[in-house]
Amino acid sequence: MTAKDHEAEAVTVLFAARSATALHRLLDVLPVFAGDQRIRRRFTLVPGSDFGVDALAAIDRAGARTIPWAEARMISPGLTLAASPKGAIDELRGPRVLFPHGAGYNKALPAAEAGRSASGLDPRLLLPGGRPLAALHALAHSSQLDRLTAGSPTAATRAAVIGDPTLDRLLASLPRRNSYRAALGTGDRRLIVLTSTWGPYSLLARHPGLPARLVAQLPHDAYQLALLAHPNLHSAPGVFDLNEQLAPAVNGGLLLARPYEEWAALLVAADAVVTDHGSTALYAAAVGRPLVAACDGGPELIPGTPMAELLSSVPRLESPGDVDLAVPAPVAAGLAFAERGRSLHRLREELYALLALTPPDTPAEARPLPIPPTRPRTPVAFVVRAGVEGDTVRVVRHPVTVEPHEHVHHLAVELDRGTARHAQGAGLLFRRPAGEGTASGPHRVTWTAAGWTADVLAAHPGRTRTAAVALAPDHWIVGRHGLPLLSARIEPSRDPATGLVIRTDPAAVLSAVHAWLSARPEPPPGDPDRTGSRTPWLPTVVRCEIAGRRYQARLAVASAGEADTEV
């Protein structure tokens, strides 16, 4: 058989997406057809949505073949798959398969539409002209079938409970949790994920300052924060505008997840989830993540739905510390999802029956989520609270924000990224290891460690100021007026019970060293100890307590080789 003959015999499956959200649902269905050369996959954009531009862009990023809407209306595909009944879906030919838009039908349409039907269950859309829109409603749970039957009994005769392919991707990805956290730079911190749907009752609409407030008030070395924003929130203003709106939080370390796949990987990686009434909360509950509610959904949330059950069973977020009150909600998840781990197998049975084709022999398996590509920004400046007790220093850091911080010991600033205003008031000025490619040209000027610290201290005078530059992530050179150049080797925390080796941000340990040096009484000028040294306490160990764990910095006078190392 020639390639042309094969193309002629192939069956077209048309993926009709009206928005990025709908497209993402359809992409999770693709493994049903994996490896089947009889299937020709085509995508089209259903017109009429304010959020369609991002759907088309997402199709292009996937490298899929698209066809114009006018052409899509003319072809006769073997199947048409859609995740929303809205738009002119009924103009597309061939058997139509309809998936829920999210985790069930929890939101009510505006009062002006369909007599307060649930979004996705409007009888006018499911039975256009009195005829069923879909040859198959692929539902995630029997409770969805009950609701479809109550509102559109004719449509319900064409429904089947197959489970949720998106949930099965999360379940398949659970073994990758540690890999996701490593890629995100979470370390030993608690990853708190905020999730916002769209519309006037969403988290970001009701509490627009919450991400920045949590970033500012939760200790940076104990918590990492991320935001999962509904794809429509990315589409409406655009990603650039969304980042600008969230700039205080993003600059403070908040990770803004991409709307396809990355959001789900962050749910797998999360320790707790702060939610509104969007579908993401039910997926979080289904993979065992504890939740706390930031808002209640208002009139959009339909009483008696799995989402209503979830929000009634978890604590409310009243203050930043309430993130630690988050609890699991397994009952709500059980009301939303059935056929866990089997959705693609069940869906393949139904779709190939509609195609009148024998399914492939190979199993249809959910694809684990890829490693998240987005990296959070490291704050350039921290306000540091430090308490010195003997050779132990307790350090708590917060990103510099517009909010005032009381009882601050010092400001710590990454000099290469901070502003002149930050540097002017800093007690600790530091420089992290140089990134790859920062000095790759043929003409270069570099500092030695001694030269860099001397230059920084000269440019920022003050006897209580400390300058530190990295020779390696765990090896730093520390300069301070009145002291010889110091070498600081940072040791990780070790947990004998688990075998874990835990590393914190070296800059947090440097803040402990700065506080310890500031607390040491210096001998008066011209009165060295009897050995002639002004540092009889070196070498020594500074013990640091950061986010409940202990770390050590071994201090010694820097060797000539260390001082002369290029940085």
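Leaving aside neighbours within four places in sequence, which residues is Phe 337 in contact with?

## Phe 337 and its contacts

Phe 337 is in contact with Ala 103, Ala 140, His 141, Asp 164, Leu 167, Leu 282, Tyr 283 and Ala 286, once its neighbours within four places in sequence are left aside. Contact means heavy atoms within 4.5 Å.

This is a predicted model: local features need pLDDT of at least 70, side-chain atom pairs count only at pLDDT 80 or more, and totals for chains, interfaces and linings use all residues. Residues are numbered from 1 along each chain as its sequence is written, and side-chain values use heavy atoms, with hydrogens and water left out.

## Two nonpolar cores

A nonpolar core is a set of buried Ala, Val, Leu, Ile, Met, Phe, Trp, Tyr and Cys residues joined through side-chain atoms within 4.5 Å. Buried means under 20% relative accessible area, with a 1.4 Å probe and protein chains only.

The largest nonpolar core has 42 residues. Leu 170, Val 193, Leu 267, Leu 291, Leu 310 and Phe 337 touch the most other members.

## Strand E8

Strands are DSSP runs of E, at least two residues. In E8 (residues 223-229), seven of seven residues are buried. Tyr 223, Leu 225, Leu 227 and Ala 229 lie on one side. Gln 224, Ala 226 and Leu 228 lie on the other.

Two strands pair if DSSP finds at least two bridges between them. E8 pairs with E7 (residues 190-196) in the parallel sense over seven bridges. Here Arg 190 stands opposite Tyr 223. E8 also pairs with E9 (residues 255-256), again parallel, over two bridges. Ala 226 stands opposite Leu 255 in E9.

Terms used
Buried < 20%, exposed > 50% of the residue type's maximum accessible area, 1.4 Å probe, protein only. Helix = DSSP H or I, 4+ residues; strand = E, 2+ residues; numbered from the N terminus.
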